[in-house]
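Please consider the following predicted model together with its sequence.

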Amino acid sequence: MAPSTALWSFALVVGLLTLTPGLDTALILRTSALGRRRRAWGVVLGIQTGTLLWGALTSVGVTALLTASHLAYETLRWAGAAYLVWMGLRMLHATFGGRSAPEAAAPDPRPTADTAGGGWRQGTLTNLLNPKMGAFYVALLPQFIPPGSNHFATGLLLTSVHIVLGLVWSSVLIACARALRGWLSRPQARRLLDRVTGTVVAAFGIRLALGD
């Protein structure tokens with residue numbers, strides 16, 4: 001496979017993956033729609049930091065060890081599932097108290113703060129505690145690295161394509177979410193958003209725990 005062909009083919013695959021609604025989409029939309037623009041961008045950068053680390057680890061072969069070791073994979077899977085279920089349940093619990101969850105998903109001592117740092121930690125943890133990201137990169141990335149090329153450099157280049165596409169799509173999501181801020185000024189709407197997002201996040205955690 002020629003380098004240019006590999007690049008465009010990989011971009012097509014991860015582009016479709018990026019457009020598919022999932023946990024990342026839910027977190028970005030929810031944070032941005034609540035008016036926390038800096039935190040939303042922090043979540044985006046955290047998710048892409050996790051993507052970069054998974055790509056770099058795959059390029060040097062470390063994540064192959066994760067998929068080869070049943071114990072390591074299971075440990076990371078259960079840690080990620082517990083984190084996601086905890087995150088979703090905190091959102092849901094806060095809404096039944098008559099208020100929206102003020103950043104229930106973030107381990108931040110100042111939960112209402114619109115800080116990029118808190119969002120970055122949330123996005124990074126969410127991405128790195130998902131072993132399916134590692135398995136995805138182990139299964140996919142090597143197939144697009146042309147024979148004879150520098151494995152690490154080419155792997156990082158392909159990962160960068162994924163990151164750029166993720167940033168572009170996240171920009172669209174944040175812009176769309178900001179249009180909902182007027183509707184979300186109503187407490188009922190904010191509780192509805194948190195209940196939907198909390199349910200999605202917890203469901204991802206349960207699905208991960210069940211190994212689906």
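In this briefing, a residue is buried under 20% relative accessible area, exposed over 50%, and partly exposed in between, using a 1.4 Å probe and protein chains only. The model is predicted, so local features need pLDDT of at least 70 and side-chain atom pairs count only at pLDDT 80 or more, while totals for chains, interfaces and linings use all residues. Residues are numbered from 1 along each chain as its sequence is written, and side-chain values use heavy atoms, with hydrogens and water left out.

**Overall composition**

- The protein has nine helices and zero strands; both kinds of element are DSSP runs numbered from the N terminus, helices being H or I with at least four residues and strands E with at least two.
- Along the sequence, the pattern reads α-α-α-α-α-α-α-α-α.
- Of the 212 residues in the protein, 46% are buried.

**Helix packing**

- Helix α2 (residues 23-33) packs against helix α9 (residues 187-210) at an angle of about 155°, and their axes are 10 Å apart. Axes are lines fitted to C-alpha atoms, for helices over the stretch in contact, and angles run from 0 to 180 degrees between N-to-C directions.
- The α2 and α9 pair is therefore roughly antiparallel. Angles over 145 degrees count as roughly antiparallel, under 35 as roughly parallel, 65 to 115 as roughly perpendicular and the rest as oblique.
- The crossing of α2 and α9 is left-handed, a term for a near helix turned anticlockwise from the far one by less than a right angle, whereas clockwise is right-handed.
- The axes of α2 and α3 come within 8 Å and cross at roughly 160°, so these two helices are also roughly antiparallel to each other.
- The crossing of α2 and α3 is right-handed.

- Trp8 belongs to helix α1 (residues 3-19) and counts as exposed because its relative accessibility is 65%.
- Trp8 and Val161 are 153 residues apart along the chain, and their C-alpha atoms are separated by 9.3 Å.
- Trp54, in helix α3, is buried because its relative accessible area is 5%.
- Between Trp54 and Met133, 79 residues apart in sequence, the C-alpha to C-alpha distance is 7.2 Å.
- Leu128 lies in helix α6 (residues 116-128) and counts as partly exposed because its relative accessibility is 27%.
- The C-alpha atoms of Leu128 and Leu53 are separated by 8.2 Å, with the two residues 75 apart along the chain.

**Nonpolar surface patch**

- Leu53, Leu57, Val60 and Phe152 form a nonpolar patch on the surface, with about 320 Å² of accessible area together.
- Patch residues have over 30% relative accessible area and no salt bridge; like charges are joined within 9 Å, and nonpolar side chains (Val, Leu, Ile, Met, Phe, Trp, Tyr) within 5 Å.
- Accessible areas come from the Shrake-Rupley method with a 1.4 Å probe, and for residues only the protein chains shown count as cover.
- A salt bridge is a side-chain nitrogen of Lys or Arg within 4 Å of a carboxyl oxygen of Asp or Glu.
- Leu57 lies in helix α3 (residues 37-59) and counts as partly exposed because its relative accessibility is 33%.
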